[in-house]
Amino acid sequence: MHFETSHDIVVVPHTHWDREWYLPFQRFRMGLVRMLDEVLDFMAADPLYRFTVDGQLAAVEDYLEIRPERRDDVRRFVEEGRLAVGPWMILADEFLCSGETLIRNLEYGMRGAAALGGAMRVGYLPDQFGHCAQMPQILSLAGLRHACLWRGVPASVRRDAFAWTGADGSTVVTRYLPGGYGNAVALFSGPAEGLPDRLSAFAASMRPWRPDGPMLAMYGADHSAPAAEITGHGLRVATLEEYLELAGVPSGLPEIHGELRSHARANILPGVVSARVPLKQAMARAERVVIRYAEPLSALWLADRTASARLLELAWRRLIACSGHDSVTGCGADETAQQVAARIAEAEQIGQAVVDLVSATLAAQAPRGSLVVVNPSPFERTALVLADLPEHRTRLTDASGGAVAVQRLEHAPTLLDETVMDDLSQLLGRVHERELFGHEIVSWETGKGVFTITVSRHAPGDYAYEDLRRAILGAGPGPWRVRTLAEPVVTVAAQVTVPPLGRSVLTAEPALGGLVPLTRTPEAVAALFAPEGTLDNGLLRVTVAEDGTLSLRGRDGTEAHGVGRISHGGDIGDTYNYAPPPGDLIVDRPAYVKVEEICRGPLVSVLEVSRSYEWPADAAATVSTVVTTRVELRAGEPFVRCELDLDVHCRDHRLRWHAPLPRPASESIAEGQFAVVRRGCPDGMESGGGERPIPTFPAEGFVAAGGVAVLLDHVTEYELLPGRVPPAVSADGGGAADTGIGRGESAGETSGAPERAELALTLMRSVGYLSRNQNPYRDEPAGPQLATPAAQCQGPFSARFAVLPYAGGWDEARLPRLAEEFRQDLLAVPGSGTATAGGTGDRPDAAALSRRAPAVSGDGVMMAALRERDGRLEIRLVAEHPKATEAVVTGNFTAACLADALGSPTATLEVSAGRVRLPLRPFEIVTVHLWD
């Protein structure tokens, strides 16, 4: 039989390079260096040779760090169009980082590739475990009109191309890779005389997917380089971009909407969302510090941003590197997870260093004894901050002189330490410049064998270490009783109103009559006089039941009961796929419950609920575990904050938190990566990709169903458990359409479906293997069977989120905004300067810079990022709303323009009286530049 000719098969030599996985990054890198050495030598020897470097620039940059002398070779081959690099910096997991991190990933990748001759103009996504609903728009905003991917494609796709439409309506032509990114890996294996037969077999398998035109032969695999002798067989060799140009755009493409999470064509390995949960928590913290605090605050409040700009560059590179699909996922070796955790921690620490720099600037421009409160949101916020005030100055006033509502929380101890020293010079070993016991030295005195040092958390006035040293060395022989006293300090909660992205300066004054002024609103009265075991702020009433669960009643009358049930079951799966053991025992009833009131007041009330459980440790023994839940209700918030703490001693288990729904629900609503997606109950879930489909999904900002919403601190796995009664259609409204959602099992709830529909959040999974060769929920291994004892996540563990009942749709409940208010606290900084109350000190730049802060309004319009770019403010907005809306940006600017995702201006905007109006499609992302 005549085999297909070069007009029928196009060979794309490539590699798929996991930067880190079952080996840590540096050990994999040596293989990368050897592989790219060979590839560059092949290209130098054969002008027809082509190579595609996996769509991620990181592999090239990692190589050039070791082989800087080959940069000119790389640039020459890229400029010739023979070596395809980028457009991504890293192949990220699209559900385990923020949408902004995905955009910066693309920005850094395309910018770095441009320096080497240009980026591949294809959104190549070969191995991600599913694809988010906003990816078509993200690619389009970067000027990429084509995508190429493997996993998550639904069964309705029966050819190798489809039109993928994102949450906002943006569409990219998408090439599906039947057989995966290595569908032709064996094409040139074996003797040359067998090549015609292998080509015929390849064509027979691929032609049904592509009835006409050239077929794509992806010749490459994980961590390997293709052979050199591939250009002399009458076959066309191309980069992936060249192939897509040759293939053109077929007519009559099927259209697929929303996220791609079907199990039909390939496994999507959903268990990575709940593997090594502390990694996900750390990633969310680091992104929050960098994106919502460090970057915008430095743009708005620092006159000299040279250092902060470089620091932020370092932080972003670490965040992007950690977003890799074998990094933050936690599906690598323990050594890999340790390195990922360290890099995430570095990113957070760098971001915090920038926040510290801004805080010091703001503190220096406010008087001593004042409190500077900064709002990280582009809309006015009234929220609580904690402040340590001198015992005699517990009254706070704002710039107008009006009293701010405060509530006394605790009185800090004044005697920090008392030690007898024979030689007083030993004390110098404890002092680090001005620091002592984590405080700052205020003063000292000597008398009758006692040396007393007074410290404060934020010491005012001048200090010289040499003066203290002279006093100590001149005190004479001992013994000496050394007493360290802290200035009397009271911790208070203050309810502060702060303008959009602005600041409020509060002044501490003597309390009138020695009392802290309290608010006397009806809400405050409800908080003070709620019954025992009940919290009430006028917006939400929370009652603790005998079993330790919560009953919630919102102002609109919506009630939810049994909220917070904890269920514990086994897990014999791995980091990729959950799998319950045969006859799984679900334990969800505590042995005892204890409720303690921590504080009660008009601004904040807290209960601590402790529940003790007997969980199976193995087949023969149980382990007692206490789960402590801090239940906190703040003034003005329609949600209750929950923080769970426990010490994990069980292995191979899954722990979930449940919330029964007030009304039936046939779908869940989940926010993540700039979209709000609707996902159905288990009916009709597609299978066929080599794993058992289970209806667990990721959510980033919130998840809601049937009148209950959970506001999330980090990307969290959840499941909608339908209940024993057939559900009716939910009243939830809005959201982006989705595909591949349907019926399956309730993921191991072997005790049967709950009586009422529930949301179940996975708090954590503890597993002992990267991949098991025999996983009951997966046909084939997802990687090597490598022990990962650290993935058991033993020891202290905590999780935080907030819960609210609501009526109507998610957009009517303003869930995106509530999620922001939960996650982004106001920033409080004690003043340290010489300014008068209400002034800005001897540096005039604070008032001038504060006028740069824009305000944003509009139904569902959220700020994704704010930074300085080439002397302009760049603000990114997203319309998290199911209907068309309008964004209004107001500020002290006279010019504005739209820009693409890479920062290039695209259209001038009309500015009227410092205001820009932007009509937005549902879930549209826009980038705006503002300047004078």
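Cys642 is buried, with a relative accessible area of 4%. Its sulfur lies 15 Å from the closest cysteine sulfur, in Cys599, which is too far for a bond. This is a predicted model. The protein chain has 932 residues, and 60% of them count as buried. Its largest nonpolar core holds 166 residues.

**Cysteines**
- The structure contains zero disulfides.
- A disulfide needs two cysteine sulfur atoms within 2.5 Å.
- Cys97 does not pair because its sulfur is 8.1 Å from the closest cysteine sulfur, in Cys132.
- Cys97 is buried too, at 1% relative accessibility.

**Overall build**
- The protein chain has 14 helices and 48 strands.
- Its C-alpha trace spans about 105 × 65 × 65 Å along the principal axes.
- The radius of gyration is 30 Å. A compact globule of 932 residues would have a value near 30 Å, so the two agree.

- In soluble globular proteins, nonpolar side chains tend to be buried together.
- In the largest core, the residues with the most contacts inside it are Phe51, Leu83, Met135, Phe162, Leu240, Tyr576 and Leu877.
- Helix H8 gives the most to this core, with 13 residues.

**Around Phe51**
- Which residues does Phe51 touch, not counting those up to four places away in sequence?
- Its partners include Met35, Leu36, Val39 and Met43.
- Phe51 also touches Arg82, Leu83 and Ala84.
- Others among its contacts are Pro13, His14 and Thr15, as well as Pro226 and Thr239.
- One of these partners, Leu83, is itself listed with Phe51 among the residues with the most contacts inside the largest core.

**Helix H8**
- H8 covers residues 277–301, a run of 25 residues.
- At 1.5 Å a residue, H8 should span 36 Å. Its end C-alpha atoms are 35 Å apart, which agrees.
- Where is H8 kinked? The kink is centred on Val290 and is about 30°.
- H8 is mostly covered, with 23 of its 25 residues buried.

How values were computed:
Residues numbered from 1 in each chain as written. Predicted model: local features only at pLDDT ≥ 70, side-chain atom pairs only at ≥ 80, totals over all residues. Heavy atoms only, no water. Buried < 20%, exposed > 50% of the residue type's maximum accessible area, 1.4 Å probe, protein only. Helix = DSSP H or I, 4+ residues; strand = E, 2+ residues; numbered from the N terminus. Expected span 1.5 Å × (residues − 1). Bend = angle between axes of the 7 residues up to and from the residue. Core = buried A, V, L, I, M, F, W, Y, C linked by side-chain atoms within 4.5 Å. Contact = heavy atoms within 4.5 Å. Rg over C-alpha atoms; globule rule 2.2 N^0.38 Å.
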